[in-house]
Amino acid sequence: CALPISAVDGLQALLGCRGSVWPISVEQATLCAEYADGEITRGEVEVDQGHARGHHVTRVWLEPPAPIHPPVRTAIAGFDAIVIGPGSFFTSLLPTLLVDGAAEAIRQVPGPVIVVSNLLTEGQGMRGFTAADEVAWVAKTIGRKVDVVIANEGQPSRDALDKYAAERSEEHTSEL
């Protein structure tokens with residue numbers, strides 16, 4: 001356990017971070033996803049590739065289950081609010097919420113749960129994925145309602161859309 005924490009601490013110092021960065025868990029786990037067609041993949045890269053192939057995620061989990069890192073649980077207990085996102089939804093944001101104890105810790109925070117919605121989706125498997133879908137997944141995963149959603153209602157520039165299209169991303173609608 002000491003190596004990952006010391007590495008994070010070293011990066012914080014090297015980058016001059018003013019806040020704190022903690023790993024939600026220090027145990028190894030693999031992200032797993034099940035798609036609408038019943039296919040199951042294991043691993044972040046494989047989940048991303050499933051999106052690229054047009055597979056729609058219906059369920060995600062960690063194998064084996066990973067426990068929350070105790071200092072993180074303690075830190076969350078002192079939070080006034082929780083801000084989730086933006087980021088790769090199924091491969092970065094949701095996995096942190098799947099860690100055993102994370103949802104329970106978040107539910108104890110007295111202030112609002114805030115979701116900063118992504119501007120774009122990732123891969124054809126997320127075609128039509130909206131801010132409302134994002135909020136529903138988060139609320140279901142943490143077992144608590146989302147209090148605030150920050151979503152872009154403007155249109156990204158043509159250049160930005162072309163760049164993301166090359167990466168197989170689409171505009172993420174702010175539809176709630």
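**Strand pairing and helix packing in a predicted model**

Me: What makes E4 and E5 a pair of strands?
Reply: Strand E4 (residues 82-84) and strand E5 are joined in the parallel sense over 3 bridges, and two strands pair if DSSP finds at least two bridges between them. Val83 stands opposite Ile114 in E5. The model is predicted, with local features needing pLDDT of at least 70 and side-chain atom pairs counting only at pLDDT 80 or more, whereas totals for chains, interfaces and linings use all residues. Residues are numbered from 1 along each chain as its sequence is written, and side-chain values use heavy atoms, with hydrogens and water left out.

Me: With which strand does E5 pair over 3 bridges, besides E4?
Reply: E5 pairs with strand E7 (residues 148-150), in the parallel sense.

Me: Which way do the residues of E5 point, and are they buried or exposed?
Reply: Val113 and Val115 point one way from E5 (residues 113-116), Ile114 and Val116 the other way, and all are buried (under 20% relative accessible area; exposed is over 50%, partly exposed in between, with a 1.4 Å probe and protein chains only).

Me: Why are H4 and H6 called roughly parallel?
Reply: The axes of helix H4 (residues 89-98) and helix H6 (residues 131-142) cross at roughly 25° and come within 9 Å. Angles under 35 degrees count as roughly parallel; H4 and H6 are therefore roughly parallel to each other.

Me: What residues of H4 meet H6?
Reply: Phe89, Phe90, Leu93, Leu94, Leu97 and Leu98 in H4 meet residues of H6 including Trp137 and Val138, contact being heavy atoms within 4.5 Å.

Methods
Axes fitted to C-alpha atoms, helices over the stretch in contact; angles between N-to-C directions. Helix = DSSP H or I, 4+ residues; strand = E, 2+ residues; numbered from the N terminus. Parallel < 35°, antiparallel > 145°, perpendicular 65-115°, else oblique.
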